[in-house]
Amino acid sequence: MTRVLLLFLLLSPYLLSDGHIFVYHRFDDNRYPTTNTSTSELKREFEYFKQHNYKVVPLIDIVDKIKANEKVPDKWVALTIDDGFKSFYTHGLPIFKQYGYPFTLFIAVKYTEKKYKDYVSWKQLKEIAKHGDVEFHTYGHGHYGQMSDSEIKADMDRGLELMKKHLDYDPRLFVYAYGEYDDRVKKVVDQYNFKAVFNQNIGAVHGECSDAYDIDRSALVGKAPFKLYLKFKELCGVSFQQPLVYPKDKMVRTVEVTLDDKTITDAEIFISNNGWNRVKVKNGKIVYKANKRVKLNRIKIGVKVKNRIKLMVLSK
């Protein structure tokens, strides 16, 4: 998250809430601070959920609400862990068990299959599966947007085959590596008929308007502002027309967005490294002549209307 986006959040204390999904990676592994959560921070978050009457539910319960086009209760939280780092088994899992909180672990299968030392083994995954759900996070954790259709399919097939072999079931849920994809990648993944697919965009889950194949999860790493994340409300009825791919010259020239609500007249557009800019909305249409240069290889573009937010990610 950029400093500008964080400042926006800090200045927005009155955001309402929908259900929320959070994602963790490593636990008590200070070698990788950008993906690490200390167990003391994890306990602080869990205590907050407990003391403020949040209901930590299995991820599939939120998926079922979305699939049924039903609103996700405001106090519902689901917890996910990506990749399959061994630090979850050694440091994180005992705390989940202590609080009795359900979880879904999405594994990058290659690292378990090839016995990388920082990743859980198949034996450990079977133990983990006694306490939560284990689902699919690609085989090799590659950037699908930079891979051909046949390479993506080979990666998917290999990972799913190994999960079936070692765990004896077919995964229902899927997370893109790095939470990133485009329309071409989505068409390949859609062939596998998952019940739901997840990204890693900051946001909330409404249920009645959330897309079951593009569900937002907010990352909790370091001392994340999770109390602010819990105040997010999803902006429904948004479609991004452009840009739809990462600009080759790193210039975002025009941001075009369509809103289902034709009564909206004012909004704000966010571009990484460039902050929020007020824009006019005409008959549900935003055309913002940005002409902004971006510096990162992974950029966020978002729209905000009346304290409701929707972000998308474009990757180089």
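Modeller: In this predicted model, Arg158 and Glu161 both belong to helix α7, which spans residues 149–167, and they stand three residues apart, about one turn of the helix. Their side chains form a salt bridge in which the closest N and O atoms are 3.7 Å apart, a distance that counts because the cut-off is 4 Å. Arg158 is partly exposed, having a relative accessible area of 34%, and Glu161 is likewise partly exposed, with a value of 48%.

The salt bridge between Asp216 and Lys310 has an N to O distance of 3.2 Å, and this pair links distant parts of the chain, 94 residues apart, with Asp216 in the loop between β9 (196–198) and β10 (218–219) and Lys310 in strand β17, residues 308–315. Asp216 counts as buried, since its relative accessibility is 4%, and Lys310, at 14% relative accessibility, counts as buried too; the limit that applies to both residues is 20%.

A further salt bridge joins the side chains of Arg31 and Asp29, at 2.8 Å from N to O, and here Asp29 is buried, with a relative accessible area of 10%. Beyond these pairs, salt bridges also link Asp18, Lys71, Asp74 and Lys233 in a network, and the count for the model comes to 23 salt bridges.

Technical notes:
Residues numbered from 1 in each chain as written. Predicted model: local features only at pLDDT ≥ 70, side-chain atom pairs only at ≥ 80, totals over all residues. Heavy atoms only, no water. Buried < 20%, exposed > 50% of the residue type's maximum accessible area, 1.4 Å probe, protein only. Helix = DSSP H or I, 4+ residues; strand = E, 2+ residues; numbered from the N terminus.
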